[in-house]
Amino acid sequence: MTDRPSPAHGTLSHGTPAHGQPRIALVLGGGALKGFAHIGALRALAERGVVPRVFAGSSIGALIASAAAGGMDVETMAERALALRRKDLFRINHMGMLLDRMQSRSIYLESPLRALCDHIVPEGTFEELRTRLLVTAVDVERGVEVVWGTPGLRDVSIRDAVYASCALPGFFPPGYVGGRPCIDGGTADNLPVAIAALGADAVIAVDVGIADVPSAEGVGEQGFASVYMRAATIMMHTLQSRMLERWHGPPMLLVRPKVSHVSWFSFHHTAELLRAGYEAMRIALDDLDTVLGAHGGVYPRRPVAVSVDRDRCTGCGLCVAVAPHVMAMDAAGRAFAPNPSLEWSPADGAFVRQCPTAAIGVTERQVAADREEDTAVRVA
């Protein structure tokens with residue numbers, strides 16, 4: 001796909017929409033300050049002339065999606081991200097911790113996060129926005145996900161909804177939206193692609209926080225906040241992986257900037273995060289025409305080969321339980337891949353890392369070499 005100054009469009013496999021351009025939904029996931037990578041991703045989209053019809057987000061993804069839907073330009077977003085300091089967001093709730101102790105609503109004060117939302121998020125209600133915006137949160141009393149901006153949930157303050165979507169439980173107090181006490185949207189849906197996909201021809205999803213869960217040596221000794229965030233990361237990663245592996249919506253371009261090495265609340269990697277989001281989106285957009293011409297599935301896709309080290313495999317069966325469409329058990333009680341040559345998207349293969357003995361391996365295949373080998377076998 002070459003650069004184009006006009007909004008991106010392509011021939012859709014199921015017919016071009018009446019308005020002549022594909023309806024693209026852009027979904028920005030949660031990930032605390034790693035979400036600054038979303039700004040870089042938006043820059044790459046703007047350079048390629050890709051104009052989303054729908055913006056959706058959770059947590060910091062909701063913050064940046066709302067800014068974009070409200071018309072804030074990428075340069076302004078980047079400037080504000082680079083200028084943000086820890087004191088601008090995290091201020092200990094000393095009085096609450098001292099007087100209320102375990103009954104304190106949060107570790108940090110509400111006002112700094114509220115002020116950030118007021119500086120970034122457009123005023124007014126979802127009804128007043130010209131561009132469709134969806135913001136996820138969780139009603140903490142009813143225990144259900146709420147998607148603000150959907151029919152019947154549009155006549156509420158955008159700023160209230162975004163604050164609530166960013167209100168990480170325990171860290172910030174819940175936010176009231178339309179009279180409902182709500183907390184961080186990532187609690188239930190950190191990458192709200194399913195709701196954003198309704199009525200869309202394609203989805204571009206940017207996952208910044210939980211694409212993988214790298215090892216964290218010594219986290220169990222680092223205090224309750226670190227353990228809590230580690231548990232939340234594992235939980236969200238598992239929920240999100242299962243959802244993406246079973247994706248049946250319109251074609252999705254899944255973009256995963258390389259940010260797993262950056263901590264959730266690091267203020268020293270902003271410039272790096274902006275670059276990572278830009279580069280990941282720039283490369284991913286080379287597959288946009290393929291996505292727009294597909295019937296469904298998650299992209300980009302790559303050929304891989306799955307193998308099992310039989311000496312390491314203990315026969316626990318976890319891989320088969322998690323990925324029965326890929327793995328099976330042989331007569332000797334060892335795992336194997338009945339079809340080891342596969343095409344995987346970034347959403348596939350999460351089960352590999354769950355093997356307790358690291359017996360499962362995945363390597364990228366060279367398609368051309370495979371075809372030559374197959375031809376040689378047939379000739380022989």
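Buried here means under 20% relative accessible area, exposed means over 50%, and partly exposed lies in between, all with a 1.4 Å probe and protein chains only. The structure is a predicted model, in which local features need pLDDT of at least 70, side-chain atom pairs count only at pLDDT 80 or more, and totals for chains, interfaces and linings use all residues. Residues are numbered from 1 along each chain as its sequence is written, and side-chain values use heavy atoms, with hydrogens and water left out.

View 1. Helices (H or I, at least four residues) and strands (E, at least two) are DSSP runs, numbered from the N terminus. In S2, Val 54, Ala 56 and Ser 58 point one way and Phe 55 and Gly 57 the other, and all are buried. That makes S2 a mostly covered strand, with five of its five residues buried. Two strands pair if DSSP finds at least two bridges between them; S1 and S2 do so in the parallel sense over four bridges. Look for Val 27, whose bridge partner in S2 is Ala 56.

**View 2. Helix H1 and what lies over it.** H1 spans residues 37-47 and is mostly covered, with eight of its eleven residues buried. Those buried residues are Ala 37, His 38, Ile 39, Gly 40, Ala 41, Leu 42, Ala 44 and Leu 45. Their cover includes strands S1 (24-28), S2 (54-58) and S7 (202-206), along with helices H2 (60-69), H3 (74-83) and H9 (270-284). Gly 49 follows H1 and has a positive phi, near 75°.

**View 3. Where H3 crosses H9.** The axes of H3 and H9 come within 9 Å and cross at roughly 145°. Ala 78, Ala 81 and Leu 82 of H3 make the contact with Thr 270, Ala 271 and Leu 274 of H9. By class, this contact has five nonpolar residues, one polar and no charged. Axes are lines fitted to C-alpha atoms, for helices over the stretch in contact, and angles run from 0 to 180 degrees between N-to-C directions. Contact means heavy atoms within 4.5 Å. For the classes, Ala, Val, Leu, Ile, Met, Phe, Trp, Tyr, Cys and Pro count as nonpolar, Asp, Glu, Lys and Arg as charged, and the others, Gly among them, as polar.

**View 4. The hairpin of S3 and S4.** Strand S3 (residues 132-139) and strand S4 (residues 144-148) pair in the antiparallel sense over five bridges. One of the pairs to find is Ala 137 with its bridge partner Val 146 in S4. Four residues lie between the two strands of this hairpin, and in the turn Gly 143 has a positive phi of about 70°.

**View 5. A three-stranded open sheet.** The strands run in the order S13-S10-S14, and the pairing is antiparallel. Strands S13 (341-344) and S14 (360-364) stand at the edges with a single partner strand each, so one side of each is left without a neighbour in the sheet. Neighbouring strands are turned by 40° against each other on average, direction ignored. S10 (residues 302-308) and S14 pair over five bridges, and Val 308 stands opposite Ile 360 in S14.

**View 6. The second largest pocket.** This pocket has a volume of about 660 Å³. On a 1 Å grid over the protein atoms alone, a pocket is an open set of points with protein on both sides within 12 Å along at least five of seven lines, a cavity is a set where a 1.4 Å probe fits but cannot get out, and lining residues have an atom within 4 Å of a point. Grid points are joined across faces, edges and corners, and a volume is the space filled by probe spheres set on the points. Of the 41 lining residues, Leu 33, Ile 60, Leu 89, Leu 113 and Leu 116 lie nearest the centre of the pocket. H2, H3, H5 (111-120) and H8 each give two or more residues to the lining, and H5 has the largest share, with six. The lining divides into 31 nonpolar, seven polar and three charged residues.

View 7. The largest cavity holds about 100 Å³ of space. Among its 15 lining residues, Cys 313, Cys 316, Cys 319, Ala 335 and Cys 355 are the closest to the centre. Its lining has eleven nonpolar, four polar and no charged residues. The second largest cavity holds about 50 Å³, and helix H8 (residues 224-245) gives the largest share of its lining, five residues. Here the classes are three nonpolar, four polar and two charged.
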